[in-house]
Amino acid sequence: MSLSIKRGDIVCIERRGYRHYGVCVDFDKMVHLGPQEKLLPAFDGQSKAVFKLEQISDVAKGSKFYAHNHMDDKHQPRSPDDIVSFAMSYYKGEKEWKYNLVWANCEAFAIYCRYRAGVVALGGLAIGGVVAARNSNKKSKNESSN
């Protein structure tokens with residue numbers, strides 16, 4: 001693992017033609033996400049994301065990876081404990097994320113965990129804006145339906 005990656009950091013893995021993102025939650029472990037099904041329906045924003053807790057080196061599969069906290073100069077990051085706890089709440093199923101390949105993807109998730117800032121991730125570029133209700137607390141949804 002890159003010694004520069006710490007708990008709460010956004011992990012960027014450079015793949016051929018794209019980058020994959022997640023949140024470092026422990027030494028060489030990250031929470032990251034992808035669509036529940038094939039990528040084609042991942043454009044509709046209705047596909048539930050699948051969260052994984054895996055070794056960073058296993059996810060990278062030999063690709064270059066590093067900490068990518070590129071918005072620290074624009075947004076105050078949360079504490080490492082808060083970032084990790086928030087990311088783990090998605091992994092444990094306490095919250096859900098509606099996956100969209102463009103607007104609510106792995107980069108948007110990692111940014112949201114670190115900053116809780118409303119940003120839109122578009123092809124590796126974080127653009128100021130609103131992440132429109134992509135995440136929701138399951139408990140709140142259940143309470144409102146009762």
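Residues are classed by relative accessible area as buried (under 20%), exposed (over 50%) or partly exposed (in between), with a 1.4 Å probe and protein chains only. By this scale lysine 98 is partly exposed, with a relative accessible area of 27%. The structure is a predicted model, in which local features need pLDDT of at least 70 and side-chain atom pairs count only at pLDDT 80 or more, whereas totals for chains, interfaces and linings use all residues. Residues are numbered from 1 along each chain as its sequence is written, and side-chain values use heavy atoms, with hydrogens and water left out. Helices (H or I, at least four residues) and strands (E, at least two) are DSSP runs, numbered from the N terminus.

Salt bridges are considered next. A salt bridge is a side-chain nitrogen of Lys or Arg within 4 Å of a carboxyl oxygen of Asp or Glu, and a search of the whole structure finds six. One of these salt bridges joins the side chains of lysine 98 and glutamate 96, with an N to O distance of 3.6 Å. Glutamate 96 is buried, its relative accessible area being 8%.

A further salt bridge is made by the side chains of arginine 7 and aspartate 81, at 2.9 Å from N to O. Arginine 7 belongs to the segment before β1 (10–15) and aspartate 81 to helix α2, so this pair ties together parts that are 74 residues apart in sequence. Arginine 7 counts as partly exposed because its relative accessibility is 35%; aspartate 81, at 52%, counts as exposed.

Arginine 116 lies in the loop between α3 (106–115) and β7 (119–122) and aspartate 82 in helix α2, so the contact ties together parts that are 34 residues apart in sequence. Aspartate 82 is partly exposed, with a relative accessible area of 27%, while arginine 116 counts as buried at 18% relative accessibility.

A charge sits over a ring if NZ of Lys or CZ of Arg is within 6 Å of the ring centre and within 35 degrees of the ring normal. The charged end of arginine 116 sits over the ring of phenylalanine 86, at 3.6 Å from its centre. Phenylalanine 86 is in turn a member of one aromatic cluster, formed by Phe51, Phe86, Tyr90, Trp97, Phe109 and Tyr112.

A pair of aromatic rings is described by the distance of the centres and the angle of the planes. Rings of Phe, Tyr and Trp (its six-membered ring) pair if their centres lie within 6.5 Å; planes under 30 degrees apart count as stacked, over 60 as edge-to-face and the rest as tilted. The count by this rule comes to eight aromatic pairs. The rings of tyrosine 90 and phenylalanine 109 have centres 5.3 Å apart and planes at 85°, so they form an edge-to-face pair. With tyrosine 90 in helix α2 and phenylalanine 109 in helix α3, the pair ties together parts that are 19 residues apart in sequence. Relative accessibility is 2% for tyrosine 90, which counts as buried, and 0% for phenylalanine 109, which also counts as buried.

For tryptophan 97 and tyrosine 112, the ring centres are 6.1 Å apart and the planes stand at 55°, so this pair is tilted. The pair links distant parts of the chain, with tryptophan 97 in strand β6 (residues 95–99) and tyrosine 112 in helix α3, 15 residues apart. Both tryptophan 97 and tyrosine 112 are buried.

Several loop residues were also examined. Aspartate 28 has a positive phi of about 60° although it is not a glycine. Aspartate 28 is placed in the loop between β2 (18–26) and β3 (29–35) and counts as buried, at 8% relative accessibility. Lysine 61, likewise not a glycine, has a positive phi of about 45°. The loop that holds lysine 61 runs between α1 (56–60) and β5, and lysine 61 counts as exposed at 71% relative accessibility.

Glutamine 76 is found in the loop between β5 (65–67) and α2 (80–91). Glutamine 76 is exposed, with a relative accessible area of 65%. Its C-alpha is 8.9 Å in space from that of alanine 117, although glutamine 76 and alanine 117 are 41 residues apart in sequence.
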